[in-house]
Amino acid sequence: MRWHQHGIKEILEKLDSSAQGISSKEALKRFEAFGPNELKEKKKKTPFMMLLDQFRDFMILVLVVAAVISGFIGELSDTVAIIVIVVLNAVIGFIQEYRAEQAMAALKKMSAPSATVIREGLPAVIAASHLVPGDLIVLEAGNIVPADARLIESAQLKVEEAALTGESIPVDKRTETLRDEQLPVGDRNNMAYKGTFVTYGRGKGIVAATGMDTELGHIARMLQEEEEVKTPLQKRLAGFGQKLAIAVLAICAVVFAIGIMRGEPPLLMLLTAISLAVAAIPEALPAVITISLALGAKKLVKQNALIRKLPAVETLGSVTYICSDKTGTLTLNRMSVEEMYADGKIVTSQSLGAGNEEKTTDISRSTPYHPLLIALALSNDVRKDGAGSVIGDPTEVALYNIAGENGFKKNEVEGLHVRVAEIPFDSDRKLMTTIHAWNEGFVSFTKGAIDVLIDRADMILTSRGPEPINKEEIHRVNDRMAADGLRVLGIAMRKWDAVPNDMSPEYVEADLTVLGLVGIMDPPRDEAKEAVRVCRTAGIKPVMITGDHPLTARAIARRLDILEDDSRAIITGKELDKLSLEEFEEKVEHIRVYARVAPEQKLKIVKALQDKGQFVAMTGDGVNDAPALKRADIGIAMGITGTDVSKEAAHMILLDDNFATIVKAVREGRKIYDNIRKFIKYLLTTNSGEIWTLFLAPLVGLPVPLLPIHILWINLVTDGLPALALSVEPAEGDVMSRPPRHPKESLFAHGLGAHAIWVGLLMAGVVLLVQAWAIRTEHVHWQTMVFTVLCLTQLGHVLAIRSEKESLFKIGIFSNRYLLCAVLLTFALQMATVYVPVLQPIFKTESLTLNEFVITILLSSVVFIAVEMEKLLKRKKAF
């Protein structure tokens, strides 16, 4: 039911109510029919089920099996380590899901706890949950609107609807019928909606909808129904884990079978195969990824981005579209005067020049800008509270500020020209007038909509004095300023000998002399334009979504370079509503600005982009944004202006509400994904080297080169600290000058899989070459040499893959001190297994001679040199 389209009489008839309200008996009957005026929640999962769900991931199940196998072969330390990793990941996942469930609870808090209702002509305060359709409610400044209501009485009533529309400027409410069926929520000014806030005046309304039938309830239902999408990393790891587990088990079975056919002891081959399986399963992968994401999240907090859901850190690197609210994110969320018109000229607020001239409060002796600034200083209701903060309507605050910045402080000017009378603003006549003492008489200042003001004026003040007004010129200037997205106000004056006895607007607001026009807007942030430029360089398309007027949206978008000269790239909510999903999806990738949109349309935008294969970051601060934030690949809530609902639904919170912070977060996300890929490259290559070594040795007639203890030790030391240290690798130089990776891009893209195979084969080749040479030359320490070469080869490899293209010597050995320390510590531990007598029986090693040690070191550097050569070829190919 579109209640705004119906007249008051029609509403009363449809809801079977009256100007006296309904009876208590009828209210009880309707309460039983409609239920309480509350938001309902869908059945929640119990905390135990949430925790249990964390163990259903395939990778986690593989790790649990690995833990059991490790315990079976007596490696209890591995079992404990794997169990700790699995539990830690489960707890983190549980906390994330539990916090996400708080969104509905936050939404419920927005409902008013009590309401003033008139039943049978008598006012009463009741619990808001007991309101029913047809109830007559009273609204006053400071109230939270308790239900959706069609207004039947409005006395300068203003309601802030930012939670629903995203726009912070209070809306003037009226009672006239609105006939447009497709009117967005923000333009239905004869309605008051549940959860919004009354800032000024008073009014009465007939309750039209309660509970889940309200606009707030509609959003709550969307929030419940909307499923969160899996992050790219979650999708990739699920597939990676399954493929890896199957491949490893198959290879281990082949290694075991070949060993048995060669006559190796069955128990030794069984333990070798099991050890290889444990080593090849990447039990450190979840831990390293969690630590990488946690470190990234910690760094982002310092950059004013709070990560609520850890996988979101990595997802930022895949983002192809950033759909951002205009107000407060791309703009300052502070109305300010951009341009002023007086004496036949338009000037910007920065070039007024009043700041360099002598101030005077005598209209007869000043330039036309001075009386205009005096009027702006006096004709507003702005005040300062005890803490010195400026309180008032955002538009009036802008007028107050521009006057003060140019030397006309309200408290000083008002001390000379005391306000003696006023006619408050009225949304019907669109004007406000204040009367002040002025020399021997009085002066009235009237401000408001220029089309109304100009009809009541016959003169305009110029540097030559008052002259007859050229109304066509004023209309032309008004149109020019409005086309730039400015909200235009006209300011006029009239002198009086005494305060008029007749204070009617028709008398006081006539025969006016226009002082000038003022153009106001919420200006774009300085840093937002640079952030948009960086987005474009990084292949990310910035999109503005706003509840504001299309002209204002277009002006801001052009100033930020979001919108180029293309009229097709801007669309209104009304136009969007007329498009089918198929028609919209054909256009969605071309659109850069959405104006006057409703909550469900924001969700539609996100879904359409996702259907086209895009990865979407969506910002928002109101309740209206919560479903879209939850659905988006990255939901970004505002930390300053955001509602609890939007914060609970989001993946990330901007602590400074700044678009530029998103771009910093994207950079960090790309860096983290790069580092995760480096870890996986390292992990796969080292495991590949171990598998190829054990697989090929019997095929070329060599004995089993490594014992189970050797495999598990290499797995522990090389997959541990060096891998963790890769997570803090600095960002590559081109991290923000390359396009986003494709959302469906494989983990093995850009040669990662091929690298793992050929470098693994090279590792195995070097190790088997050492083994064959040592056995042929009758070196009794051949197994210790093989063990050491395989370990040190992997350390050389981790140093070489720190950058995809740049040489280690260019990026600097010391640029990742954590990795350098990890490599040195791992080297020391490996040397301890070889040379410390008490460890030799445990690891079945013997001390190497100096010649053997030198040969081991030289051959261990082969892989490092080969990978550096690979990167050199990549750099040459790039040129």
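Helices (H or I, at least four residues) and strands (E, at least two) are taken as DSSP runs, numbered from the N terminus, and the expected span of a helix is 1.5 Å times one less than its number of residues. The model is predicted, so that local features need pLDDT of at least 70 and side-chain atom pairs count only at pLDDT 80 or more, while totals for chains, interfaces and linings use all residues. Residues are numbered from 1 along each chain as its sequence is written, and side-chain values use heavy atoms, with hydrogens and water left out.

Helix α33 (residues 817-835) comprises 19 residues and spans 27 Å between its first and last C-alpha, close to the 27 Å expected at 1.5 Å a residue. Its buried residues (buried meaning under 20% relative accessible area, exposed over 50%, partly exposed in between, with a 1.4 Å probe and protein chains only) include Leu 819, Leu 820, Val 823, Met 831 and Val 834. The cover over the buried residues of α33 includes α28 (708-718), α29 (721-726), α31 (782-800), α34 (840-843) and α35 (850-860), where contact means heavy atoms within 4.5 Å.

Helix α18 (residues 471-483) has 13 residues and reaches 18 Å from its first C-alpha to its last, close to the 18 Å expected at 1.5 Å a residue. Ile 474, Val 477, Asn 478 and Met 481 are the buried residues of α18. Viewed down the axis of α18, these buried residues fall within an arc of 100 degrees, so they line one face of the helix; the arc is that of the directions from the helix axis to the C-beta atoms. Glu 472 and Asp 479, on the other side of α18, are exposed. At the start of α18, a side-chain oxygen of Asn 470 comes to within 3.2 Å of the backbone nitrogen of Glu 472. Just after α18, Gly 485 adopts a positive phi of about 80 degrees.

The elements covering the buried residues of α18 include β10 (336-342), β11 (345-348), β17 (457-462) and β20 (512-521). Strands β10 and β11 pair in the antiparallel sense over four bridges, two strands being paired if DSSP finds at least two bridges between them. Ala 342 stands opposite Lys 345 in β11. The two strands β10 and β11 form a hairpin with two residues between them, and Asp 343 in the turn has a positive phi of about 55 degrees. Thr 513 belongs to strand β20 and is buried, with a relative accessible area of 15%. Residues touched by Thr 513, not counting those up to four places away in sequence, are Met 459, Ile 460, Leu 461, Ala 492 and Met 493.

Strands β22 and β23 (residues 593-595) run parallel and are joined by three bridges, with Thr 572 opposite Ala 595 in β23.

Definitions and conventions. A polar contact is a pair of N or O atoms within 3.5 Å; within protein, one must be able to donate a hydrogen and the other to accept it, and residues adjacent in sequence count only if both atoms are side-chain atoms.
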